[in-house]
Amino acid sequence: MLPYASIPEAVAALGRNLTFAETLWFNYSAAKSDYFLYCHNILFLFLVFSLVPLPLVFLEFKRFSFVSSHKIQPKVRLSLAETFKCYKDVMRMFFLVVGPLQLISYPSIQMIGIRTGLPLPSWREILSQLLVYFLVEDYTNYWIHRFLHNDWGYEKIHRVHHEYHAPIGFAAPYAHWAEILILGIPSFLGPAMVPGHIITFWLWIALRQIEAIDTHSG
């Protein structure tokens, strides 16, 4: 919740007029709690998991020649029923694990200092922070992923993720509940090291999942 009761108060506090984006942000967020703003992640993740894989599924089933020639496993294709089952399984885990995790993890966001107020970050600040987040996540995800491929990690946890031998976009978040929790750590480390604005955090969570969907598209 912004500490200003009106735009003139915000202008006085910043010592300048608000930008157009800052005015929009003020009108949207001024009366909303920081916790409510953080919980937008649940909606964004639901939309990403549900909508972003759809163009990839369309390309998969239309079997365009210019796409098929780039398919890693061209002879392996999931049926529409199998694809829909994957989505249902992902949504079950979303509502049982991912959503509740978002609801209870807000204190960690407060602890690392993700802010919701004004001024809004510049595009340079947003892009530089996103770069750090991607680098940190990529490095730490690699080593955790390697650990999950040892005998114990694979048998107890990671084998669930590999039930789809020919991956599709919907299968990106398809995993054992413990893996969802473990691989949430790399996504959190970047913002913990270089905390930014909640808008940057929203972008990061969405872009990270879009990247995962793309890399699992086959």
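This is a predicted model: local features need pLDDT of at least 70, side-chain atom pairs count only at pLDDT 80 or more; totals for chains, interfaces and linings use all residues.
The chain contains 13 helices and 0 strands. Read from the N terminus, its elements are therefore α-α-α-α-α-α-α-α-α-α-α-α-α. Taken along the principal axes, the box filled by the C-alpha atoms has dimensions of roughly 65 × 40 × 30 Å.

Two packed helices are described by the angle between their axes and the distance between the axes. Helix α13, residues 198–215, packs with helix α4, residues 40–51, at an angle of about 25 degrees, and the two axes are 10 Å apart. Angles under 35 degrees count as roughly parallel, which makes α4 roughly parallel to α13. The crossing in which α4 passes α13 is right-handed. On the α4 side, the contact is made by H40, N41, F44, L45, V48 and F49. The residues that α13 brings to this contact are F201, W202, I205, A206, Q209, I210 and I213. By class, the residues of the contact of α4 with α13 comprise 10 nonpolar, 3 polar and no charged.

Helix α13 also meets helix α9, residues 123–148. The axes of α9 and α13 come within 10 Å and cross at roughly 45 degrees. The two helices are therefore oblique to each other. Their crossing is right-handed. From α9, the residues I126, Q129, L130, Y133, F134, E137 and N141 take part in the contact. Their partners on α13 are T200, L203, W204, L207, R208 and E211. In the contact of α9 with α13, 7 residues are nonpolar, 3 are polar and 3 are charged.

Aromatic rings were examined next. The count of aromatic pairs comes to 15. One of these pairs joins Y35 and Y106 in an edge-to-face arrangement, with 5.5 Å from centre to centre and 75 degrees between the planes. Y35 belongs to helix α3 (residues 34–38) and Y106 to helix α8 (residues 106–112), so the pair ties together parts that are 71 residues apart in sequence.

A further set of contacts involves a loop residue. H176 is located in the loop between α10 (151–156) and α11 (177–182). A polar atom of the H176 side chain lies 2.9 Å from the backbone nitrogen of A178. When its neighbours within four places in sequence are left aside, H176 is in contact with K156, I157 and V160.

Terms used. Residues are numbered from 1 along each chain as its sequence is written. Side-chain values use heavy atoms; hydrogens and water are left out. Axes are lines fitted to C-alpha atoms, for helices over the stretch in contact, and angles run from 0 to 180 degrees between N-to-C directions. Helices (H or I, at least four residues) and strands (E, at least two) are DSSP runs, numbered from the N terminus. Angles under 35 degrees count as roughly parallel, over 145 as roughly antiparallel, 65 to 115 as roughly perpendicular and the rest as oblique. A crossing is left-handed if the near helix is turned anticlockwise from the far one by less than a right angle, and right-handed if clockwise. Contact means heavy atoms within 4.5 Å. Ala, Val, Leu, Ile, Met, Phe, Trp, Tyr, Cys and Pro count as nonpolar, Asp, Glu, Lys and Arg as charged, and the others, Gly among them, as polar. A polar contact is a pair of N or O atoms within 3.5 Å; within protein, one must be able to donate a hydrogen and the other to accept it, and residues adjacent in sequence count only if both atoms are side-chain atoms. Rings of Phe, Tyr and Trp (its six-membered ring) pair if their centres lie within 6.5 Å; planes under 30 degrees apart count as stacked, over 60 as edge-to-face and the rest as tilted.
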